[in-house]
Amino acid sequence: MNRRDFLKMSGAGLAGATLLGAAGCGGGGSASGELILSMGPDDTGTLPDLIDRFNKQHQGEFQVKYREMPSDTGQYFDQLRTEFQAGGGEIDVIGGDVIWPAQFAAQGWIVDFSDRMPESEQKKYLPGPIESLTYDGKIWGVPWYTDAGMLYYRRDLLEESGISAPPKTWPELQEMALQVSQDTGTKYGFVFQGSDYEGGVCNGCEYIFTHGGNVLDPADPNKVVIDSPEAIAGLTTEQSMTKDKVAPLAVSTYTEEETDPAFLNGDAVFARNWPYMYALAGTSDFPKVKPEQIAVAPLPVGEPDPTIASTLGGWNFLVNAASDMQEEAWEFIKFMTAPEQMKYRAVNATLLPTLKSLYDDPEVVEAIPVIKLGKEAIQHTRPRPVSPYYGDMSLEMAEQFASVVKGDTSPEQAAKTLQSSLENIIEQAS
Amino acid sequence: MTTASREKKRRSWFKEEFGDPERRAAYYMVLPALIIILLVAFWPVVYSIWLSLHQATITALGPFVGFENYVEMFQNPDFLLGFRNTVIFTVVSVAIEFVIGLAIALAINRAFRGRGLVRAAVLVPWAFPTVISAAMWRLMFQDQVGVINYVANALGIISQPILSDETLLLIGAILVDVWKTTPFMALLLLAGLQVIPGEVYEAARVDGANVMQRFFRITLPLLKGTILVAVLFRTLDAYRVYDLFWVLGNRELDSLSTFVYEGVRISQLNFAPGNAAAVFIFLTAFLIALFFIKVLGMQTSAED
C-alpha cells in the first residue's frame, strides 16, 4: 500500500486503541469483599500490622486494604471532599482528623453512630474526643487516638536557676522564661506555633480557653462569643510573648517543624507542643537534649477566669455514608478500638489512646512517659469550634492569630474582626 | 467606502476563503484542532464567567446575582492586598530581570572560550522547579538556620526575622524570582541579539558611532520585537504568580492567584469571590496582552 493508506490505517488504529483504553479505565471502585481504610502515612508500621492481624482473623469473609493519604491534613481533607462530592467514592472507613466530623456530617457524607455508641459506650472514652465527634445532638464516629497541647520545659535549666516547679500561670511563665534564659544563657525563653495555619489556630485557642474565653458558645454553636474580655485577655497574653521578647518574633512563622529543633537543640527554655515531641528528644535527629532533661506540664492559666485547658488534636474513625459495607466497617472499627489493639498502637507508636482505662494500665504509662506526666493535660482537652464550616473559620482565625503574634493587629481589633467574620460565616452557612 | 463597495469586499473575502477548494480543505483540516481548543480552552473560561455571575459553591450553581461577586471581591481586603502585591511584584521583578537579562545577553553575545558552558550554567536556576527553589530560599531566610537572615541582621540592614515581615517577604520573593528567571530573559534576548547582522555595527562604526549610540540607535530598535515578546511573557507569568508566594511565604504572602486558590480550594464559602477573582485575572491578563500587541506594536505573525 502507499504511504497515504498506511497513514490512514495507523491513524484509525491509534484512535481505536485510545478509545478502548479510555473505556477500560472507566471502571474501578473496590472489589467486593474488600474494605478500604484511608489514613495518612504511618511511619511506625503499627497500622499495617494491626490490619494484617485483622485480615488473618477474617480470612474468607472480607479483607481490609489500607489506602495511604497525604500527610498534610488539609490535602487529605480535600481529597475526601472531592470523592464525596463525586458521589461517595470507594473509601469505607476513614481515619479522620478531629476537626472534620461536623463538616462531613452536615453534608450527610458520614454515618450516624448514635445507636452503636450509646452513653455507656461513650463513657469509656475521653470526653474531648467524644465532644469532637458530636454534632447536631448525634455522634458520628468512634475515637481512635488523641493529641493535646502541652508545656514542655527544660527541668535542668530551671534547677540551675533555682526553680523547682513549672509555672502555673502565664505571667509566671513569662517571668521564669526571661529569668532562666538570662541565667543560663539560653537563646529563647519560650517557643510555640504562631504561623498562619491550623497549628496557629490551636495555639491561639489555647490562650483563649485558659483565660476563660471561648470562640463559639459551648451551649449554642451558632453563637459567636470570641469578642469577650476573656478572649481578648488571652490574645493579649499571646501577643505579649513576642512583644516582651519572651519568645522570638520569628514564632509568627513557626509550625511544629520549627518548634522541634528550637527546643530540642537546647535553644529554648519552654515550648508548647504536642506529645509526639517527647519521643524525639535524644534521638539521632536531636541528640543534644536528653529525655531526662525535659519535663511536661499542663499549659499555664490566665486571668480573669483561670481554666486548665489545651486544644484537642487526634484522629477518629468515621464511616462513609455511601459505603455498602457498613456492617463490616463496624466490625473493623470494633477491632481497632478494642483495648488490646489500642494498647498495641499506644505502646509501639507512642500515640495517646482515647480509652480512659488505658491510662491506668502500667504498661501504657511506662511506654509513654508523656502520659504519666501529662495525664492531667490530656484530661482537659477542648476541641476547636465544632461547625460544618470550620474550614472557613480556621482560615480567618489562623490569619488573625498570626497577625496578633506578629504585633500587626491589636487583640481587641482581632477579636472584633473575628466576631464579625465568624458570624458572617455562620450566617452564610444557614 | 460606500456600502456597495463594502458589500463587495465582504463577499469577495468570503468567496476567496471558502470558494477556493484548496483553502476550504485547509479550513477542514484545522477544524478538529479548533473544536478541541474551543472545548478545552474556551468552554471552561466561558463557564467560569457564567459561574461568577451566580452565587456558586462547589456543589451547586446557586441563584443569579449579576456582578455582586465582583463587588464583594473588590471589597475583600485579602484580594486588594493580593492585587497590590502582585502588581508591585510584576512591575519590579520584570524591570530588574529585563535590565540584568539584557546585560547578561550582551555579555555572552560575543564569542569566547567556554561560551557554551556559560550559557548552560546560566540556565541552572531556571531549571529548578519553582516550589523547590522557593523552599530552598525560605530556609535561607529562616530565623534559625537561614544564612541570609543571619547576615542581614548581623550587618544591621534589618533588625527582625525576614519571614515575619510582609514587606521583607515581598522583597525576598522579588529577589528569588529575579534569581530564577533572569537567565530565561537573558537567553530570549540573546536569541534576538544573534539575529542582528554584524554588518550593521560595522557600518555604524565606520560612520563614527560610539558605544552608547550603537546601543540605543541600533541594538535596541532592532531588538524591539524580541524585547516585547520576552517582557510580555514574563509579565504574564509574574502576574499569575502563585507557587513562589505560597511556598516562600507559607500562606502568609498574598497574591491574586493565592486568593483564588484559598477561595476555591480551601474555603467552603468563598468559592464565588475566588472564582470571580480567577475571571478577573483572566480578563486583565488578556488586556495586558492586548496592550502589548496593539499599543506597543508587538509582532504576532510574520506578515506584520
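In this predicted model, domain 1 of chain A meets domain 2 of chain A through 14 residues on each side. On the side of domain 1 that touches domain 2, α4 (101-105) and α16 (369-379) of chain A each supply at least two residues. The largest share of that side, four residues, comes from α16(A). By class, the domain 1 side has eight nonpolar, five polar and one charged residues.

| Domain of chain A | Residues |
|---|---|
| domain 1 | 34-147 + 313-375 |
| domain 2 | 149-311 + 385-429 |

The centres of domain 1 and domain 2 of chain A, taken over C-alpha atoms, are 27 Å apart.

Now chain A as a whole. Its secondary structure comes to 18 helices and 15 strands. Along the principal axes, the C-alpha atoms of chain A fill a box of roughly 90 × 50 × 50 Å. The radius of gyration of chain A is 25 Å. A compact globule of 430 residues would have a value near 22 Å, so the two agree. Buried residues account for 50% of the 430 residues in chain A. Take the contacts in chain A between residues at least 6 apart in sequence: 74% of them join residues at least 24 apart.

Chain A also touches chain B. Here 23 residues of chain A are in contact with 18 residues of chain B. The chain B side of this contact has five nonpolar, eight polar and five charged residues.

Terms used: Residues are numbered from 1 along each chain as its sequence is written. Chains are lettered from A and ligands numbered from 1 in the order in which they are written. This is a predicted model: local features need pLDDT of at least 70, side-chain atom pairs count only at pLDDT 80 or more; totals for chains, interfaces and linings use all residues. The radius of gyration is taken over C-alpha atoms; the globule rule is 2.2 Å times the number of residues to the power 0.38. A residue is buried if 20 or more other C-beta atoms lie within 10 Å of its own, exposed if 12 or fewer, and partly exposed in between; C-beta atoms are placed from the backbone. Two residues are in contact if their C-beta atoms, placed from the backbone, lie within 7 Å. Ala, Val, Leu, Ile, Met, Phe, Trp, Tyr, Cys and Pro count as nonpolar, Asp, Glu, Lys and Arg as charged, and the others, Gly among them, as polar. Domain bounds come from an automatic or database domain assignment.
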